[in-house]
Amino acid sequence: MGALIAPPLSAQPTSTPTPGTTRAPAGLPSLGDAGDMTTLEERKLGDAIARELYRDPDYLDDPILGEYVDGVWRQLLAGAKARGELSPELEERFAWVVLMGRDRTINAFALPGGYFGLHTGLVGAVASRDELASVLAHEISHITQRHIARLMGQQTRQAPMMMAAMILGAIAASKNPQAGMALAVGGQAAAIQQQLNFSRDMEREADRIGYGVLGQSGFAPSGFVSMFEKLQAASRINDNGDWPYLRSHPLTTQRIADMQQRQQGQGRAATPPTDYEALLLAGRARVLGRPGVDVLRAWAAEPAQPGFDSQPLAKRAGALYAAAMAQAQLRDLPKAQALAAQLAHAVAGDARGLRQARLLQADLALQAGQPARALEWLPAKASGTASGALTGTGTGDAPAPPASSPISAAHGQAGRAALLMRAQALTATQRAGDAVSALQPWVSDHPQDAGAWQALSAAYGAQGQTLRALRAQGEVAMSRMDYAGAVDRWRAAQDFSRTQMGGGDLIEASIVDTRLRTAQAALRQQREDELKRR
């Protein structure tokens, strides 16, 4: 599965790649082809696993964290493609989706078909985009090198759907020892042990290739070293020794040495500037990981502690963000908003940090039932360029960033977080038509964005356009591969069209009919696969 913090076993140093090259550097030999598994079969296996993860109560679709992670992710995919690691076939056929989960452990894992799992605990532990990018580059390399398919090739007798069940069981075991015990009792632990043991060389290969992808994508390769040091500390804290079959990775100290050796030929790296955005969103991830009421209270009280104002700005900024989020979780929104205003003032000199402070202020305003105030913090259009920077004047102390502030497309893409929050605020202020106008182009370009479809459904509902609202609800389910739910929503849309509209919106009704047939076909295929698994 490519999880990062399982206590590793062995490693061998390899030669240093040269960032900017278009071919993979020399180093470990190729581990072989992907066996008999096609890319289509691997994607199908990944879909089955992802479908269950979408249903997991810990699945998290947070627009602010999601936009941040996806910006790093897309930049790495572009680097992998430029370096020659991402083939056109894999780019087209695989999902390339990051699924985030509420989990305080520091971990990430690759899944078949271009799906990736990312724990909030890992996002909460990084201090820079470079560190987060090092993890994602490692995981991208697991997929581009077809490691899952190679593992499957070692166990040709196991049906793909049985492998999907075992992978899900291993994920459950990493979160819940009782679930792992049930898995072992079921007789599948030995098979997982055999699969993961084969991945030792794969981990080294993912390190080697991921290091090159990281540099090709414009990130500092030093992020690998600092991240591995954190993973080493996390493995000492989190490992209780109960599940040795999850220990498939090279020894973390040796992986650190390998990365340090690769950097020696590049000279001493300059000290990077403080990454306020990463520090702020680390605080958000820690709070969203549900640490418990006592921990939230401690974080909420930290800015009031003696000597807080004398601490370095980087530490104060992260603590203020976490405190504001913690106060919101504790249902004290006025205190949360006051802390967010204090944060905005503190990071006013950093464009990216200020942008995240503004988004936090908008988020808190929406939670407080103040949609008009939220609009003050959000741009009229989300463009992802300098002109799309957050320019609301708001009621806080910090000035808005100048028009030339360096908020790039990779940093917010097209501004999904601002787009979704603005649509919510517009709908709540009786301007649902404006919300629809903003969301329709987005879902046209991003048809798998469940969050955007949900916002569009709410906007249509506020306008009294029931058929379109039901159609959008079906798209929400379809985006998460809940084919039964999509069929239910689109059948309801059909019934409404036939009984309530009297021949009204024929175009929308035709779209519903077509999408219903698509969902029914997908549901039939899903059920056939489940029968084969049994």
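A crossing of two helices is termed left-handed if the near helix is turned anticlockwise from the far one by less than a right angle, and right-handed if clockwise. Helices (H or I, at least four residues) and strands (E, at least two) are DSSP runs, numbered from the N terminus. The structure is a predicted model, in which local features need pLDDT of at least 70 and side-chain atom pairs count only at pLDDT 80 or more, whereas totals for chains, interfaces and linings use all residues. Residues are numbered from 1 along each chain as its sequence is written, and side-chain values use heavy atoms, with hydrogens and water left out.

The chain contains 25 helices and four strands. Of its 534 residues, 53% are buried (under 20% relative accessible area, with exposed over 50% and partly exposed in between; 1.4 Å probe, protein chains only). Contacts (heavy atoms within 4.5 Å) between residues at least 6 apart in sequence join residues at least 24 apart in 73% of cases.

Mean pLDDT (the predictor's confidence in each residue, from 0 to 100) is 79 for the chain, and 71% of residues reach 70 or more. Confidence is highest in helix α22 (residues 450-462), with a mean of 98, and lowest in helix α19 (residues 409-412), with a mean of 34. The pLDDT is below 50 over residues 382-414, a stretch that has 77 contacts in the model beyond near neighbours in sequence. Where pLDDT is low, the predicted coordinates should not be read in detail.

Helix α16 (residues 333-346) packs against helix α17 (residues 351-367) at an angle of about 165°, with the axes 9 Å apart. Axes are lines fitted to C-alpha atoms, for helices over the stretch in contact, and angles run from 0 to 180 degrees between N-to-C directions. The two helices α16 and α17 are therefore roughly antiparallel (over 145 degrees; under 35 counts as roughly parallel, 65 to 115 as roughly perpendicular and the rest as oblique). Their crossing is left-handed. By class, the contact of α16 with α17 has eleven nonpolar, three polar and no charged residues (Ala, Val, Leu, Ile, Met, Phe, Trp, Tyr, Cys and Pro count as nonpolar, Asp, Glu, Lys and Arg as charged, and the others, Gly among them, as polar). Q337 in α16 is buried, with a relative accessible area of 14%. Beyond four places in sequence, the contacts of Q337 include L364 and A365.

The axes of α17 and helix α20 (residues 416-428) come within 11 Å and cross at roughly 30°, which makes α17 roughly parallel to α20. This crossing of α17 and α20 is also left-handed.
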